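The following exercises concern the protein chain displayed below. Each task is followed by a solution in steps.

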Amino acid sequence: MAVHAHPDDESSKGAATMARYVADGVEVLVVTCTGGERGDILNPAMDRPEVKEDIGRVRNEEMARAREILGVEQRWLGFVDSGFPEGDPLPPLPEGCFALEPLEKAAEPLVKAVREFRPHVILTYDENGGYPHPDHVKTHEVSVEAFEAAGDPDRYPGVGGEPWQPLKLYYHMTFNHGRIEALDEAMKAAGLESPYGDWRKRAAERPEQWEVTTRVPCGEYFETRDKALLAHATQIDPNGFWFAVPLDVQREAWPTEDYHLARSLVDTELPEDDLFAGIREKVSV
């Protein structure tokens with residue numbers, strides 16, 4: 001189960017990993033907390049009045065195409081996008097948005113989803129949300145809450161479903177320092193302009209909060225990931241940053257997607273190359 005804040009997050013974080021496990025016969029569920037109703041349109045070709053006026057429906061349709069490409073199941077939690085506040089001081093978040101929901105109310109439908117889908121592994125964001133979008137931070141909070149509560153019959157007794165305890169919880173480490181440096185060097189070595197120069201400078205100024213514990217080989221699914229990203233046409237400019245590094249360069253320099261193992265109820269030896277390390281010996285996945 002991969003828990004994400006908005007439609008398109010599932011395609012920019014961990015998509016090749018999911019496609020790999022789907023090909024291996026693993027059932028994969030993407031849980032999308034909000035509809036992305038307050039997201040900006042980031043692709044100039046989609047910046048049209050009729051799209052802006054019906055952005056919720058458009059993003060729902062984009063999500064449908066992306067989940068088909070990835071081969072995953074998908075469930076909406078039904079919360080309202082909080083938007084990304086900007087300014088100094090920051091404006092208040094809009095009333096009724098996901099980030100302002102009390103934790104138990106926000107986590108309840110995710111606990112229900114965990115009990116119904118019964119995942120062994122949950123993927124989510126770190127406590128900073130990967131970046132400080134209020135919906136990403138809230139997604140971290142509800143994911144941790146659901147991981148810890150779904151197996152406890154005394155918690156959330158009214159949501160239905162038998163208690164179920166997931167075994168491992170991971171944080172996405174998509175733009176870790178090692179990957180940024182490797183891709184930057186690979187682009188330079190290929191005589192190409194690297195989009196990672198400024199990223200590398202900023203990364204050098206701040207320590208990495210979480211260790212990469214798990215690198216999942218999935219380079220052969222990078223093309224599937226990119227197709228899923230492009231399905232989110234309002235959010236992804238096909239001429240933009242995401243596609244600046246050729247796939248062959250990516251596969252040679254960094255053919256994995258990376259994670260931090262935040263919780264584990266099974267024994268596993270670090271570093272890992274499989275999200276199900278320690279689980280495969282106990283259950284059939």
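A nonpolar core is a set of buried Ala, Val, Leu, Ile, Met, Phe, Trp, Tyr and Cys residues joined through side-chain atoms within 4.5 Å. The model examined here is predicted.

**Exercise 1.** Determine how many residues the largest nonpolar core has, and which elements supply them.

*Solution.* Step 1: the largest nonpolar core has 27 residues. Within this core, the residues with the most contacts are Met 1, Val 3, Val 31, Leu 110, Val 114 and Ile 122.
Step 2: at least two residues of the core come from each of β2 (29–34), β3 (73–79), α5 (103–117), α6 (134–149) and β5 (168–172). The largest share, seven residues, is that of α5.
Step 3: another core lies apart from this one; it has 24 residues, including Ala 15, Met 18, Met 63 and Val 266.
Step 4: as a general point, nonpolar side chains tend to be buried together in soluble globular proteins.

**Exercise 2.** List the residues with which Met 1 is in contact, leaving aside its neighbours within four places in sequence.

*Solution.* The contacts of Met 1 are Leu 29, Val 31, Leu 110, Ala 113, Val 114, Phe 117, Pro 119, Val 121, Ile 122 and Leu 123.

**Exercise 3.** Identify the buried residues of helix α9 and the elements against which they pack.

*Solution.* Step 1: α9 spans residues 222–231, and its buried residues are Phe 222, Arg 225, Asp 226, Ala 228, Leu 229 and Ala 231.
Step 2: these buried residues pack against the helices α1 (9–12), α2 (15–23), α4 (55–70) and α10 (247–253), and against the strand β7 (256–264).

**Exercise 4.** Is Pro 255 buried, partly exposed or exposed?

*Solution.* Step 1: Pro 255 is placed in the loop between α10 and β7.
Step 2: the relative accessible area of Pro 255 is 33%. Buried requires under 20% and exposed over 50%, so Pro 255 is partly exposed.
Step 3: beyond its neighbours within four places in sequence, Pro 255 is in contact with Val 216, Pro 217, Cys 218, Gly 219, Phe 222 and Gln 250.
Step 4: Pro 255 and Phe 222 are 33 residues apart in sequence, while their C-alpha atoms are 8.6 Å apart in space.

**Exercise 5.** Compare the radius of gyration of the protein chain with that of a compact globule.

*Solution.* Step 1: for 285 residues, a compact globule would have a radius of gyration near 19 Å.
Step 2: the protein chain has 19 Å, which agrees.
Step 3: of the 285 residues, 51% count as buried.

Terms used:
Residues numbered from 1 in each chain as written. Predicted model: local features only at pLDDT ≥ 70, side-chain atom pairs only at ≥ 80, totals over all residues. Heavy atoms only, no water. Buried < 20%, exposed > 50% of the residue type's maximum accessible area, 1.4 Å probe, protein only. Helix = DSSP H or I, 4+ residues; strand = E, 2+ residues; numbered from the N terminus. Contact = heavy atoms within 4.5 Å. Rg over C-alpha atoms; globule rule 2.2 N^0.38 Å.
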